[in-house]
Amino acid sequence: MTFLSFDENIHYSMICKNTDKFYRLEEEFYDKFPEYKKYENMFLINDKIIHKFNNLESNNIGDKDIIVVKPKK
């Protein structure tokens, strides 16, 4: 799975399992890019908001999918 920032400054891939809860991956993203912690962000797949407490399979996220990180307004 790959994280892509809304402004396209970040293009970051990570290895994960379909049983991983999304919030764990979100934490790893913020560890790698702490400047994004100061914003409240939405994580989107195919223009749908990802439910952070569900696993990847429940969110219909596959290994080649792109997660868009978009600051909330």
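**Exercise 1. Strand E3**

Task: Is strand E3 (residues 41-45) enclosed or open, and which residues cover its faces?

Solution: 
- Step 1. Start with burial. In this predicted model, 5 of the 5 residues of E3 are buried, so the strand is largely enclosed by the rest of the structure.
- Step 2. Recall the pattern. In a regular strand the side chains alternate between the two faces of the sheet.
- Step 3. Sort the residues by side. Asn41, Phe43 and Ile45 are on one side. Met42 and Leu44 are on the other. These residues are all buried, and both faces of E3 are covered.

**Exercise 2. The partners of E3**

Solution: 
- Step 1. Take strand E5 (residues 66-71). It is joined to E3 by 4 bridges, and the two run antiparallel. Met42 has Lys70 as its bridge partner in E5.
- Step 2. Take strand E4 (residues 48-49). Here 2 bridges make the link to E3, again antiparallel. The bridge partner of Ile45 in E4 is Lys48.
- Step 3. Look at the turn. The hairpin of E3 and E4 has 2 residues between the strands. Asn46 takes a positive phi there, near 50°.

**Exercise 3. The nonpolar core**

Task: How many residues does the largest nonpolar core have, and which element gives the largest share?

Solution: 
- Step 1. Count. The largest nonpolar core has 18 residues. Those with the most contacts inside it are Met1, Phe3, Phe22, Phe29, Phe43, Ile61 and Ile67.
- Step 2. Assign elements. Helix H1 (22-32), E3 and E5 each give two or more residues to this core. H1 provides the largest share, 4 residues.
- Step 3. Zoom in on Ile61. Leaving aside neighbours within four places in sequence, Ile61 is in contact with Met1, Phe22, Ile45, Ile50, Leu56 and Ile67.

**Exercise 4. Salt bridges**

Task: How many salt bridges does the whole structure have, and which parts of the chain do Lys52 and Glu26 tie together?

Solution: 
- Step 1. Side chains of opposite charge can pair when their charged atoms come close.
- Step 2. Count. A search of the whole structure gives 4 salt bridges.
- Step 3. Begin inside H1. Arg24 and Glu28 form a salt bridge, with the closest N and O atoms 3.5 Å apart. They are 4 residues apart in the helix, so about one helical turn separates them.
- Step 4. Move to Lys52 and Glu26. Their side chains meet in a salt bridge at 3.3 Å, N to O. Lys52 lies in the loop between E4 and E5 and Glu26 in helix H1, so the pair ties together parts 26 residues apart in sequence.
- Step 5. Compare accessibility. Lys52 is partly exposed at 36%, whereas Glu26 is buried at 8%.
- Step 6. Glu40 is in the loop between H1 and E3, and Lys72 is in the segment after E5, 32 residues apart.
- Step 7. Look for shared partners. Salt bridges join Asp20, Arg24 and Glu28 into one network.

How values were computed: Residues numbered from 1 in each chain as written. Predicted model: local features only at pLDDT ≥ 70, side-chain atom pairs only at ≥ 80, totals over all residues. Heavy atoms only, no water. Buried < 20%, exposed > 50% of the residue type's maximum accessible area, 1.4 Å probe, protein only. Pairing = 2+ DSSP bridges. Core = buried A, V, L, I, M, F, W, Y, C linked by side-chain atoms within 4.5 Å. Contact = heavy atoms within 4.5 Å.
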